[in-house]
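Please read these points with the model open beside you. They go through the chains one topic at a time.

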Amino acid sequence: MIQYWQENSTRMINLTIQHAQMVLTSLLIALVIATILIAIFLRKKNWLNLLIYIFSLLYSVPSYAFFALLIPVTGLGETSAIIVLAFYSEYVLLRTFITGIRNINTNYLEVAKGVGMTNTQVFTRVQLPLALPAIFSGLQVALASTMAIATIASTISAGGLGDLLFEGLQTGRVVPILWGTILTVALTLICIIILKLLENIMISDWWEVEKTGR
Amino acid sequence: MTNEIIKFNHVKKNFGKNEVIPDITFSINQGEFVTVLGSSGSGKTTTLKMINGLEQPTTGEIVVNGKDLKNTNLVDLRRHIGYVVQSIGLFPHMTIAQNIAITPKLLGWKQEKISSRVGELLEMVGLHNADFAKRYPAQLSGGQQQRVGVARALATNPPIMLFDEPFSALDAITRQKLQVEVKKLHQQLKEKTFFFVTHDINEALYLGDRVMVMNRGKIEQFASAQEVVNHPASEYVKNLIDTVRTNQKLWEGLK
Amino acid sequence: MVTQIIQYFQTNSGEYWQEVGQHLFLSFSSLTIALIIALPVGYLGSKNRGVAIFCESFAQILRIIPSLAFLFILIPFIGTGIGPALIALVVLALPPLVVNTILGFNEVPVDLEEVGLSLGMTNGQLLKQISLPLALPFILNGIKLALVEVIASASLATYIGAGGLGQLIMTGLGLYKMQYIVIGGVSVALLSLIAMFIFDLIIKKVRNDDQRNY
């Protein structure tokens, strides 16, 4: 194990960075699109449900097939990988965001209007902050699942930590497979921890109070 | 001549095919404390929500503070009407101070003016301990939360205050204490009009200069508490008053 | 491309249907085995805090480890072929099944169980007539998630020598023959979508039957 690290550390670090870039880029794209879609369709319930249904169908397409099917369209490589990963995240994000926003007690919305907020103010000052916990949990789920799926992107020459897994498979050695697994898990955990820190900063104290009651 | 601050003229309200209010007409003078008494489904809350435009009438005319609501910017209107609702009205993600400061902020007040106003209001509702301002609603008791609700509604010194069953979720002792304080508040803040919806007959009779009894979307009687008790205008009002009398007999019997 | 695809079906349709059959066999037998394990374990988990914590941590860990890595890591221990692939797929199907079974049984209102007992039901009757029917929607949702997971992972199982439709994609990628990639990708995607549709129908039917009973 250690010998393998000494011999290949530069490459392994590069693959890890590549993996992180791939996943984080796709997550960012998915986040921006999700926010735009929700801002546009928030008051059109049927449209939103239809959108979520379409994304749920795409989500259930196995990633290996999804990667393969993009080759004729966008070719081999990282671009195809990022597109596929963004689609998977999109579904998770849309679903959790919408659930978060819909679960807000309608009394709050009525009071918000009652004290004189415009529709936009109700969205930015009440709905969005109250949905933040759900938004963060959605981001975490999307992050963990795309980190894992990204290993399969290695089959369409997009690089990333999947390369180590396939190297082990082809040479019949366990060590690269183990390293690939460990690095993927470690990367996922680090990103989740960063996300948690971000969440703590953004949500401040009220959520803590709400959960514990005091 | 007295100043009519709220006026309903042949107002009708449907929810889909469901006729909630067939036709009501009334007017309220500036500085009055009006309580609206009715059971659930009587249309009392719908009537209240039509005053600040949360619900719009199907037909008919509503004039608030001299303005016909049809041609009024409702968002602007609401910023100048206090609104107190049952228990859950405080936003959980804002501190007490932030909750009270919502409308002043929406109106673009300066930070110093907001802070001094928040302090003043907390004092007015008996939560002057500086500690309260920084807490979150979940850390307060039900009675304290409702005081904050009243303080928030008073923040911009609005000429009209709407109360939608504000005390119905509180225990009997806290409720009575708050009733006394609201009545005192109204006497202090002359010229302010209070419109207070409740299903508690004692609360309605105790607080209101005039009591509006509603049943199935109709006003059964709109008169002083004394008038309502001594000269019930309809069978429904009479039955309502009788329930209190029956209770009184029970008390007498237990003495 | 189209002619190549038609040509493939003219010469290799026997092989194609064999891969479809293999894929279905892998998916459904592993799902069945996983169900037989997950239902009792999940029921136990809803009664016993320790079992629940164990199951949830197990599910959390498996969620972060990429399925691809999991398949590859098992090779040194259990070898390659259909047997090892089945074992791997069963393990991958367990988390959604167990977690949702626990959730389902936990969601059954305690008052209803008490009412059942005070009406004179035995524990067995209570389970059959009250708890199981009320937990069923959650369990079905778990099965649906597990099915998606299993069909997706079965397409990767080809790398450990278990065949299936992933075989076509792998061959296509290896030889860079687009017709194989497209046929394989579309077939896996369709298989997954059809499975989802059928499952959604079942869930809908169960729900309707429920409403008729009450």
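1. Chain B divides into domain 1 (1-80 + 180-255) and domain 2 (87-158). The domain bounds come from an automatic or database domain assignment. The C-alpha centres of domain 1 of chain B and domain 2 of chain B are 26 Å apart. To their contact, domain 1 of chain B gives six residues and domain 2 of chain B gives eleven residues. Contact means heavy atoms within 4.5 Å.

2. A word on the basis of these points. This is a predicted model, in which local features need pLDDT of at least 70 and side-chain atom pairs count only at pLDDT 80 or more, while totals for chains, interfaces and linings use all residues. Residues are numbered from 1 along each chain as its sequence is written, chains are lettered from A and ligands numbered from 1 in the order in which they are written, and side-chain values use heavy atoms, with hydrogens and water left out.

3. Which chains touch? Two pairs of chains do, and the pair with the most contacts is chains A and C. Chain B and chain C do not touch. The nearest C-alpha atoms of chain B and chain C are 25 Å apart.

4. Chain A has nine helices and zero strands. Helices (H or I, at least four residues) and strands (E, at least two) are DSSP runs, numbered from the N terminus. Of the 214 residues of chain A, 55% are buried. Buried means under 20% relative accessible area, exposed means over 50%, and partly exposed lies in between (1.4 Å probe, protein chains only). The C-alpha atoms of chain A fill a box of roughly 70 × 45 × 20 Å along the principal axes. Among contacts in chain A with a separation of 6 or more, 74% join residues 24 or more positions apart.

5. Chain C has eight helices and zero strands. Its box, for C-alpha atoms along the principal axes, is roughly 70 × 40 × 25 Å. Buried residues make up 49% of the 214 residues in chain C. Of the contacts in chain C with a separation of 6 or more, 77% are between residues 24 or more positions apart.

6. Look at helix 1 (residues 2-47) of chain C and helix 6 (residues 123-156) of chain C. Their axes come within 9 Å and cross at roughly 145°. Axes are lines fitted to C-alpha atoms, for helices over the stretch in contact, and angles run from 0 to 180 degrees between N-to-C directions. The contact includes Leu31(C), Leu35(C) and Leu39(C) of helix 1 of chain C. From helix 6 of chain C come, among them, Ile143(C), Leu147(C) and Val150(C). The residues of this contact divide into 14 nonpolar, four polar and no charged. Here Ala, Val, Leu, Ile, Met, Phe, Trp, Tyr, Cys and Pro count as nonpolar, Asp, Glu, Lys and Arg as charged, and the others, Gly among them, as polar.

7. The largest nonpolar core has 146 residues. A nonpolar core is a set of buried Ala, Val, Leu, Ile, Met, Phe, Trp, Tyr and Cys residues joined through side-chain atoms within 4.5 Å. Phe67(A), Met117(A), Phe8(B), Phe91(B), Phe195(B) and Phe72(C) touch the most other members. Helix 6 (residues 119-149) of chain A gives the largest share, 13 residues. Domain 1 and domain 2 of chain B both give residues to this core, so the core lies between them. Apart from it lies another core, of 32 residues, among them Phe163(B) and Phe194(B).

8. What does Phe67(A) contact? Leaving aside neighbours within four places in sequence, its partners include Ala81(A), Leu85(A) and Ile149(A).

9. In helix 7 (residues 162-171) of chain A, the buried residues include Leu164(A), Leu165(A) and Phe166(A). The buried residues of helix 7 of chain A pack against helix 1 (2-41) and helix 8 (174-203) of chain A, together with helix 3 (67-78) of chain C. Just after helix 7 of chain A, Gly172(A) takes a positive phi of about 70°.

10. Is Thr96(A) buried or exposed? Thr96(A) counts as buried, because its relative accessibility is 14%. Thr96(A) sits in helix 4 (residues 78-102) of chain A. Not counting residues up to four places away in sequence, Thr96(A) touches Ala134(A) and Gly138(A).

11. Val229(B) is in helix 8 (residues 225-230) of chain B. Val229(B) counts as partly exposed, at 26% relative accessibility. Not counting residues up to four places away in sequence, Val229(B) touches Leu205(B), Ile241(B) and Arg245(B).
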